[in-house]
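Dear colleague,

I am passing on the structure that we discussed, and below it you will find notes on what turned up when I went through it. Please read them with the coordinates open beside you.

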Amino acid sequence: MTIEFAQPSLLLLAIPAGILLWLLYRRSLSDFPVRQRQLSLITRSVIMLLLLCSAAGMTLLLSSTEPWIVFVTDVSRSIGTEGHTAAQEFLRTAELARGRRSAAWISFASTISAPALTPPAAPGSTAPADTQTNQSPPETNIERALDAAVATVPPGFVPRVVLLTDGHQTTGDALAAATRNTAEIWTVPLPAPSAPEVQVSSLKAPHEVREGEPFLIEAEISANHPDEGTVELFRGEFRVAARQTTLQPGNNVIRFEQSVERDRVAEFRVRISGLRQDTLLDNNSDLALVSTSGKPRVLLVESEPDQIQELAFALEEQGIPVDVRPIEGLPESLEALQNFELLVLSNVPATKISRQQMTVIQTWVRDFGGGFLMLGGDQSFGLGGYYQTPIDELLPVRSDFEKEQEKPSLGMVLVIDRSGSMEGEKLEMARAAASAAVDLLGPRDQIAVIAFDDQTWVISELQPAASRSRIADQISRIQPGGGTNMFPAMESAFETLNSASLRLKHVIMLTDGISNSGNFEGLARQMSAARMTVSVVALGPDDATDLRLLKSIATLGRGRFYHAEDAAQVPRIFAKETLTASKAAINEEPFLPQIIRATRTLADIDLESAPLLLGSVVTRPKAAAEVILATEKGDPLLAWWRYGLGMTGAFTSDAKNRWAAEWISWPGFGKFWTQTMRHLMRPGGSQNLNLTVQQQGQQAVITVNALLPDGTFLNTADVSINVINPALQQTTIPLPQTAPGQYAATIPLGQNGIWNLEATLKHSELPALRTSRSIYEGRSDEFRLRPTNQSFLQQLAAVSGGVWNPAPAEVFQEASRSTRRSVPLRTWLLSAAAFLLVLDVALRRLEFRSSMTTRSSQSSQSAGISTP
Amino acid sequence: MTFLVPTALALAAIALPITVLYILKLRMRRVPVSSDLFWQQIFQARPPRSFWNRFRHPLSWLTQILILITIVAAAGDPRWMTGSPPHSLVLILDVSASMQAAESGGQRLDLATDQARRIINGLPPGSQAAVIAADHRAEVVCGMTDHIPDLLRAVSDIQPSAAAGSPELAITAAAELLGQNDSGEIILLTDHCFESTKLTEHPRLTILSAATPLPNMGITKCQSLRNPDDPLTAELLVAVTNSSPHTAEAELELRLSGTLSSVVRLKLSPNESTTRSFPRSGPAGGIWRAELKNIRFSRDADPTTPEPDADSAPTDALTIDNSAVAVLEDAPRQQVLLVSPGSLFVQKVFEADPLTELTVLPQPPANNSWPPNHIVVLHENVPRQLPGGPVIVLDPRNDCDAWNIRSTRENPLPAQTVEMHPITRNFRLDDVLIPAVSELEFQLKPRILAAAEDGLPLCCLLQRPQGPVVVIPLHLTQSDLAFRTVFPILMSNTLRWLAGHSDALPSATQAGQQVAVPLQLTAPATPNQYSLLRSPAGTLTRIPVVPDTAAPLSATALTGPLRESGLWLIEPNGGTAPPSTNSNSAVPVAVNVAASSETDLRPRQASEKSPKSPPRAAAVSGRPPWFWLCLAAVLLLTSEWFLYQRRWIT
């Protein structure tokens, strides 16, 4: 126990005050007995001292071992019914033993509830609101809960935290919190869920291996009961291994030996099935990604793979591995494209590629430096319907240009279904498609737009496409109507074109079904005889009969039939049709390639001796594109440019027998394509750049180690990382230098799925270095089945001086450590001064003669007069 | 006006006995007279008095009552109510490194604590407050209380930190302390030298700062690292920033384990940073110390930049970022077991490697009792079953579980190194005489690192589940490879690669972080074992040690936030006696400010200078009314004593 003064300097006033009191006492004119006057002096002095001590802020500092208990209850998703019941029982029993002890109650998961000073009815009832509604990320943050619990303890008490949890923290570091706080942490283990459960806890594989290098994949399977099941390993969509396994309670590790020969990023998935008892099924699989480094690879997608074998063989001979696939083999995901350095589309129409695939390709080129090359054909460039698509954006040439004067004029009628079933996105896409078709026509071309439901509506009379804005305005007014009667509309289209004097006549019909009958086939033949062509776009009709009829119309009309299941394809189809019909986009006359721009890429190829090409797709270069080769008419033949981080190229002729028959036998064929493709390819990952990723809960620590070619550290470089989340949203994060040759940053991972990372390093002395990595953010550890982490809870109690698994009544016992509690004495001192004041006055007003002598001698007793 | 201790007003009842004492005729005064004849006549003429007429000496009584009133009022703790309700307040004091900058004759932290005291003393009656110290983390130094002395004591006990400031955590903690209290307020006392733009969006937050822009030059980075591919070389990276509108000059002095290593003169333009790297070779490690000396700022500032004092030369305002330390670990030594029939040249190659501890055996050990944690080098004689772990095989002459010897190829033509790999760095076989090479049929597909013209492997790598094997099937006795410099290069590369490099602790940590330091103990750890942590200032504290259940002599020491910059030491084995600073077992932990946000002492945003609302209770010169009442009572007592003793009042 000690005494403390807030302003001890005030006590110095006691000296002059005491001196003054004493001096006045010495010169006192009072006739009280000496002893009484002395007592009065003492009393007055004590009162003065009490007042000065009060003014100086006298405080008594006591040592207190009284604890303030904070009950911290885990209500995260890893706590099952048994855990909640055990927690509730503990709290209820503890409350019975609490007595007059002070306590508070907190619940936590990823967030913390406000402290309650009264015991909750049930632990979960005071859980943070977002935990109760399952809107928060599934996490257990014991560290934050401990910090918040200690903060609620007022001064003068020994803080004691009673932590009720299963010990599985998914974020934060509880041991760090225990170390830096002064509170005792008493840990109460909550039981794990007891329902029979088997789950794949993790799938571990090396982040990066060499091509062909064998490695082990470890699947950790947790079970809380004995069971048997089949563990399957999939690589991509293919099952590569399966094993019947007997599972023991606890962790079971199953290993598979694998190697990756060709893929740049291999996706492995493990799945367990065939179990006797299992409560949750969606935790029975997990995924891991393995990157490989090796030779750069090319993906060649061709609508007719057999036709492109010469090119593939030529590339393989030159040491470039090529993967030839049909259109269906075009990757759907970014990580699948990461296996390659160059994507070549050869005569692949846009109508066969989904919007998602185009977006992935664009992202891969722009943000990951992938290379892209489009080869010509009757389904490429504008003819393929790429107008206003993501692919069109990354090409160095464009297809929408003024038609040449010598091309024959085209008359086109668009017949659009506006029945009630077309309401919504379908009609919106139809209007967009019609507008796009108008944009693609030349000024001498003519266009009419007819809409139909159960009647026929002439939206726009046949007129020159030069009136684009007026026609577009008319198209925009098409609204959905009633039934479907297509025949009169088709007749109207026939009559419109029949009376027009045009070289080319084409009808495009768009419908989602035929409800009224008519002699469609007869009319189609009639139109064909009148040198009209009819194409039909069927927008998702389910009726097979309708589809057959529509297809028949197109066949008899010498046009093309399209079955679009997605309304978003309609604009691409219309664009393709328009260009195809106008015959503006293909030039099928033999020509010799003309060298427009010398380039080191093709420096040692004798292009002068290159043979004839027999056709090309007519395009125009974009402003920043480099045109390397051209046709004799000046149209681009080979052009390329940089798009984002990648290079894209366009070769408007083909590499097949149709237009390049003579080129295939040319000695320079292989070298030309090899060097062109190497120029467009993404540069391989640098040996001197090492990217490591350490996943910690919902974060990933990215570290890039960089060395110069001579092996010394690469410092003061500009390093950044392109992060593409599973939703293909991109962020660029700078990596500051943290050590010699080392650059690091932490990124948040908020979504489950595959994250793609591309690190770029720029330094004045080096070309830009890049390396990439894909990581998988899976299911939170919150959903992992694990027994109570008793060892961790014991550690937590040990480092903080607490107790592990106490009885409920024990938590209120006196603390082993003490704390300082300050008791301000002002009120007591002033009260004492007030009471002493009475004595002080009494000593003035009363004469205590029995034991005291007076100044007056006893002679005054005889003659003295008493006056009041 | 209200009283915080209204029960003390009951003391006013003491006025009653005091008054009674002034009414009662209890004392007769004796006056000596010559005769009582005259007095008897007066008494006979004096009329009798009523009880209430006996009240005497009203002035004295009044004085006593006045004294009593001041005492009772002081005990009641009066406060003037100006309409503000009881208030909840959380005071956050920024204790980050930049708050130690010299300003207005003291430090910024001193100004902040003074302001904090004024705010606490001026709290409205019935208010509660808490105090949080904020740097990298938030520490609640005093929980919610209405006891002013505790709050004042907590403010006084706050220590500065060398950590970077990040008040978001503190604001979150403050909001949790306030809970649902609508009248709660958070006041952040800071110099606003942190990068955070969203603080102004907090509805209950007031940011107060009296800091002015100050010039400073400091070390913002200091890290050391050994080259993972060549552990004999290391590098120290130091970054220095001039956070001022002036040109700054200084000398950067580097010492390694006390020995002067380098002195670099720096001249930085306003707001310029420079990064320097200092290479070092050798296996020995040590403690790097970097220090900026003789910092001078020139007066060529931008005229538009306000200068606090145009007459005096600007000086470096913050000194704790003028020095930094980093730990350079000793190069890891690798234990190598060479099993060779007796090739002195091969043995010498390994002996010459400074990071190798070599053991030589003529034959493989019996019963496959290979020593753990060794890289095994097998020369010619290969056991039937290769040992686990990393293995190097030179000139194998017999079959084993990994290969069969198919034949011997004579005079193969070596090609260029097939593949870039750390093992084959700077490795060429162009001029090496290779009369014969064993052609091996591998059980596992090898990775060819060097091959002959026809693809015959000359150096290859097998990745076994038990550990990698590097095979060089050249017949060494017939070749001159062992005499060429490429052979030691190849062996050195191979040993480094096989040894790998573990994830070492960073050579230096930013102040404020908590560190988990792996320890090697001399005895198995006990459950409640502690280590001793010595701060740069010499303070010793006990820190818990968490044993590694898999390795009895391994453990992890957990430190609290290391708020002081400098070199900390951890004594792994604890003990009751203070450890010697020269103890070889002490594990050093380097802690630096190393934060450009703290080196830049220019406030990022304008802040308020005083709290805006609610209105504070009136307090004269920062003292509450009871204080003045106590002093008034003292004055009254003294005055009354004088008047009574001189009989001006009776």
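**The contact between the chains**

In this model, which is predicted, 74 residues from chain A and 80 residues from chain B take part in the contact between the two chains. On the side of chain A that touches chain B, the largest share comes from helix H20 (residues 826–845) of chain A, which supplies 12 residues. Sorted by class, that side of chain A has 42 nonpolar residues, together with 24 polar and eight charged ones.

**A helix pair in chain A**

Helix H1 (residues 14–26) of chain A packs with helix H2 (residues 34–55) of chain A at an angle of about 160°, and their axes are 10 Å apart. Since angles over 145 degrees count as roughly antiparallel, H1(A) is therefore described as roughly antiparallel to H2(A). The crossing of H1(A) and H2(A) is right-handed. From H1(A), the residues that meet the other helix are A:Ala14, A:Ala17, A:Gly18, A:Leu21 and A:Tyr25, while H2(A) contributes A:Arg37, A:Leu41, A:Arg44, A:Ser45, A:Met48, A:Leu49 and A:Leu52. By class, the residues of this contact between H1(A) and H2(A) divide into eight nonpolar, two polar and two charged.

**Two residues with positive phi**

A:Asn347, although not a glycine, has a positive phi of about 55°, and its place is in the loop between strand S17 (342–346) and helix H9 (355–368) of chain A. A:Asn347 counts as buried because it has 25 C-beta neighbours inside 10 Å, where 20 or more are required. A:Arg531, likewise not a glycine, has a positive phi of about 60°, and it lies in the loop between helix H14 (520–529) and strand S24 (532–539) of chain A. With 13 other C-beta atoms within 10 Å, A:Arg531 is partly exposed.

**A position in strand S34**

A:Asn705 belongs to strand S34 (residues 699–706) of chain A. Which residues is A:Asn705 in contact with, leaving aside its neighbours within four places in sequence? They are A:Asn690, A:Gly741 and A:Gln742. The C-alpha atom of A:Asn705 is also separated by 6.6 Å from that of A:Leu691, a residue 14 residues apart from it along the chain. A:Asn705 counts as partly exposed because it has 19 C-beta neighbours inside 10 Å, whereas a buried residue would need 20 or more.

With best regards

Notes
Residues are numbered from 1 along each chain as its sequence is written. Chains are lettered from A and ligands numbered from 1 in the order in which they are written. This is a predicted model: local features need pLDDT of at least 70, side-chain atom pairs count only at pLDDT 80 or more; totals for chains, interfaces and linings use all residues. Helices (H or I, at least four residues) and strands (E, at least two) are DSSP runs, numbered from the N terminus. A residue is buried if 20 or more other C-beta atoms lie within 10 Å of its own, exposed if 12 or fewer, and partly exposed in between; C-beta atoms are placed from the backbone. Two residues are in contact if their C-beta atoms, placed from the backbone, lie within 7 Å. Ala, Val, Leu, Ile, Met, Phe, Trp, Tyr, Cys and Pro count as nonpolar, Asp, Glu, Lys and Arg as charged, and the others, Gly among them, as polar. Axes are lines fitted to C-alpha atoms, for helices over the stretch in contact, and angles run from 0 to 180 degrees between N-to-C directions. Angles under 35 degrees count as roughly parallel, over 145 as roughly antiparallel, 65 to 115 as roughly perpendicular and the rest as oblique. A crossing is left-handed if the near helix is turned anticlockwise from the far one by less than a right angle, and right-handed if clockwise.
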